[in-house]
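Please look over the sequence and the model below before reading on. The report is meant to be read with both in view.

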Amino acid sequence: VTISSDKPSYKLGDINNDGKISTADMAAVRLHLLGLRILSDIEQLSADINGDGKISTADMAGVRLHLLGLRTIS
């Protein structure tokens with residue numbers, strides 16, 4: 001899903017905006033949760049997989065399940 005408005009466009013799950021959902025995206029969420037790296041506003045929009053308005057372990061799990069082919073981020 002690519003979302004676009006007045007803000008820059010982003011793809012849900014593609015936190016680093018490299019065009020694909022990868023382990024690097026999962027790592028970015030993990031580092032954010034650990035307080036070692038703060039995601040930018042657009043990265044936070046991309047990382048909010050479950051759409052609840054906050055970044056949590058549930059979002060990291062969503063990326064992981066996508067990478068394992070058990071769930072598709074849409």
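What follows goes from the overall layout to the helices, the core, the loops and the surface.

## Overall layout

The model is predicted, and its secondary structure comes to three helices and two strands, which follow one another along the sequence in the pattern β-β-α-α-α. Of the 74 residues in the protein, 31% are buried, and the protein exposes about 4600 Å², of which carbon and sulfur atoms supply 52%. When contacts between residues at least 6 apart in sequence are considered, 44% of them join residues at least 24 apart.

## Helices H1 and H3

The buried residues of H1 are Asp 25, Ala 28, Val 29 and His 32. Seen down the axis of H1, these buried residues fall within an arc of 95 degrees, so they line one face of the helix. The buried residues of H1 pack against H2 and H3, and the helix is followed by Gly 35, whose phi is positive, near 80 degrees.

In helix H3, which spans residues 57-67, the buried residues are Asp 59, Gly 62 and Val 63. Viewed down the axis of H3, the buried residues again lie within an arc of 95 degrees, so they line one face of the helix. Their packing partners are helix H1 (23-33) and helix H2 (41-47), and after H3 comes Gly 69, with a positive phi near 75 degrees.

## The nonpolar core

In soluble globular proteins, nonpolar side chains tend to be buried together. Here the largest nonpolar core has 11 residues, namely Leu 12, Ile 15, Ile 21, Ala 28, Val 29, Leu 39, Ala 47, Ile 49, Ile 55, Val 63 and Ile 73. Ala 28 and Val 29 in this core are also among the buried residues of H1, while Val 63, another core member, is one of the buried residues of H3.

## Loop residues

Ser 22 sits in the loop between strand S2 (10-11) and H1. Is Ser 22 buried or exposed? Ser 22 counts as buried because its relative accessible area is 15%, under the 20% cut-off. Not counting residues up to four places away in sequence, Ser 22 touches Val 63 and Leu 67. Asn 17 lies in the loop between S2 and H1, and at 55% relative accessibility Asn 17 counts as exposed. The phi of Asn 17 is near 55 degrees, a positive value in a residue other than glycine.

Ser 9 has its place in the loop between strand S1 (2-3) and S2, where its relative accessibility of 40% makes it partly exposed. Although Ser 9 and Ser 46 are 37 residues apart in sequence, their C-alpha atoms are 9.5 Å apart in space.

## A nonpolar surface patch

Leu 31, Leu 34 and Leu 36 make a nonpolar surface patch of about 290 Å². One of these, Leu 34, lies in the loop between H1 and H2.

Methods: Residues numbered from 1 in each chain as written. Predicted model: local features only at pLDDT ≥ 70, side-chain atom pairs only at ≥ 80, totals over all residues. Heavy atoms only, no water. Buried < 20%, exposed > 50% of the residue type's maximum accessible area, 1.4 Å probe, protein only. Helix = DSSP H or I, 4+ residues; strand = E, 2+ residues; numbered from the N terminus. Arc of directions from axis to C-beta. Contact = heavy atoms within 4.5 Å. Core = buried A, V, L, I, M, F, W, Y, C linked by side-chain atoms within 4.5 Å. Areas by Shrake-Rupley, 256 points an atom, 1.4 Å probe, with all protein chains shown as cover. Patch = residues over 30% accessible without salt bridge, like charges linked within 9 Å, V, L, I, M, F, W, Y side chains within 5 Å. Salt bridge = Lys/Arg side-chain N within 4 Å of Asp/Glu carboxyl O.
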